[in-house]
Amino acid sequence: RLHKGLGPMQRCVRCAVLLALPWTLSWTFCGAPTTTQTSGSIGRAATASGTASFRSRSPEMEQQEAQRLLEDILGVVRSAGIEAGAVRGLQALRATLLTAVEAARDGELQEALQTIQRLGTERVDDAPLARLLRRLFQKLGSTYVKLGQFIASSPTLFPAAYVREFQQCLDRTEPTNFQRIKRIVEADLGRPLSEVYESFEEEPLASASVAQVHSAVLKTGERVAVKVQKPGVDRVLKADLGFLFIAARTLEFLSPELARSSLVDIVSEIRSSMLDELDFTKELDNVETFRRFLRQNGLERIAAAPRTFPEASSKKVLTMELFSGVPLTDLEGISRNSKNPEQTLINALNVWSLSVRGCEIFHADVHAGNLLVLEDGRVGFIDFGIVGRIPPEIWSAVEGLVVSFAANDARGMARNLIAMGATEATVDEASLAQDVASVLGRIAGLEPEVVLRGKGDGRVVAEVALDNDQVTELLLEVVRVAESNGLKLPREFALLVKQALYFDRYTKILAPDLDPLRDERVAVGEYTSGPVIDV
């Protein structure tokens, strides 16, 4: 009754919010899977339960489901032990209490409670619940910060209010003491720090929830960036993901129709994505895959990705070339490093577009901080922690969508969205095209803002304020249009479109008169195995 009139995913998210606080208390008595074998058995159990819950359950089937759920919970507890669960449970309890106190002080707790009370009697705005959940996630630490970022980047999976709110889930934390970082590096590489690096800066360049980055110089003389996993992160992440699995399984057991929202499948995708981030050898492979793509297609003269050093890398340590450059939104810096800023933008767009079709992976986080204009004028792609892979069955639809977007062709976009999405009914292409045209009109009407920013060295430089909220709102609008016309789009679509919107903003900044479809320098939607000429 609380969720009348809502879709399965909105009901699912609201259930998660309503159960979040009690679950943090019950987690005191639970552990989490810490071995690959255990997590594999969990995945099989989840699949079995999801299939069964699509049908009406007989008493015998319900008893079997309850037995499977109990076995999963006991398996999780046995795999981690009571002690690990208790420690994380106490941390969760503290985070919950702090969140409640702060939200009460700011008046947000009362607003959220009033929202909950109105559920079932009227349609309500999920924003207060999303805000409260985001506060709690940031207090709970690394796992939930990453989960928040997953929500923010997945508008095809989560309600708009949560996608908007979790844009504010910043992954910045206090740095870990250098001596602890040093011990991790030495233990994981199996050698003293002084045998690998000539020098190693104690102050990090950046610190996030899972890792922090230090500058260093190798024994062979190369200046490098060293990404080091923070202590205890793997244990916390696995414990929290165990909790998320149990919560998802319990929700589907209590409300079988939630299986239609693929809740356990979503949790499995989150788990896979987040555990991949714990293994830095996978990010190293991503970087090398992209570098190989650049090399094989003659693109190294216009673009670069950091060289990696496998002999100084491991699961918890990633050593790579330290790039020197400026963000793509730094107007003064671009002019200093590039004789032709417009061509630099075209190079970035070409390389990224070609990687979508011609590389095993594409960079799925091309905000300004991850696209640099290097001192030699090339475009530098950094941070391959988030990458996308396009399933072969939707390649042609993706390519058609890119071309249609560049041509401002609403009918073509509608046709390719239909080819890409999952639907149980016939979609009215004309109606969808009309809605898409409205979104294209909004995109065309947006203008970037040039602002002056002070730098640490006393300089004041002109930069472009690229509004991430605008990009998110446009992406949410595209998803809303698709869903209102009966389409369910894959997560890869959201990743692609968000990057395309970023490049649309960059074009308005650096090349406002550029026509991507008619300019022969632009290779949008095309793939060639031959070299790209640096004009």
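In the predicted model described here, Ser142, Thr143, Tyr144, Val145, Lys146, Leu147, Gly148, Phe150, Ile151 and Ala152 of helix α7 are buried, where buried means under 20% relative accessible area, exposed over 50% and partly exposed in between, with a 1.4 Å probe and protein chains only. Because 10 of the 11 residues of α7 (residues 142-152) are buried, this helix is largely enclosed by the rest of the structure. Residues are numbered from 1 along each chain as its sequence is written, and side-chain values use heavy atoms, with hydrogens and water left out. As the model is predicted, local features need pLDDT of at least 70 and side-chain atom pairs count only at pLDDT 80 or more, whereas totals for chains, interfaces and linings use all residues.

The chain contains 20 helices and 13 strands; helices (H or I, at least four residues) and strands (E, at least two) are DSSP runs, numbered from the N terminus. Of the 535 residues in the chain, 51% are buried. Among contacts between residues at least 6 apart in sequence, 70% join residues at least 24 apart, a contact being heavy atoms within 4.5 Å.

Four strands form an open sheet of mixed pairing in the order β5-β10-β9-β7, two strands being paired if DSSP finds at least two bridges between them. The edge strands, β5 (303-304) and β7, each pair on one side only. Strand β7 (residues 325-327) is joined to β9 by 3 bridges in the antiparallel sense. Within this pairing, valine 326 stands opposite valine 373 of β9, and glycine 325 has leucine 374 as its bridge partner. Strand β9 also runs antiparallel to β10 (residues 379-381), again with 3 bridges, and here valine 373 is partnered by valine 379. The strands β9 and β10 form a hairpin with 4 residues between them, and glycine 377 in the turn has a positive phi of about 90°.

In a regular strand the side chains alternate between the two faces of the sheet. Both faces of β9 (residues 371-374) are covered, with Leu371 and Val373 buried on one side and Leu372 and Leu374 buried on the other. Helix α15 lies across β5, β9 and β10 and runs at about 40° to β10.

Helix α15 (residues 341-358) also meets helix α13 (residues 280-296): their axes come within 11 Å and cross at roughly 105°. Axes are lines fitted to C-alpha atoms, for helices over the stretch in contact, and angles run from 0 to 180 degrees between N-to-C directions. Phe290, Phe293 and Leu294 of α13 make the contact with Val351, Leu354, Ser355 and Gly358 of α15. These residues divide into 5 nonpolar, 2 polar and no charged; Ala, Val, Leu, Ile, Met, Phe, Trp, Tyr, Cys and Pro count as nonpolar, Asp, Glu, Lys and Arg as charged, and the others, Gly among them, as polar.
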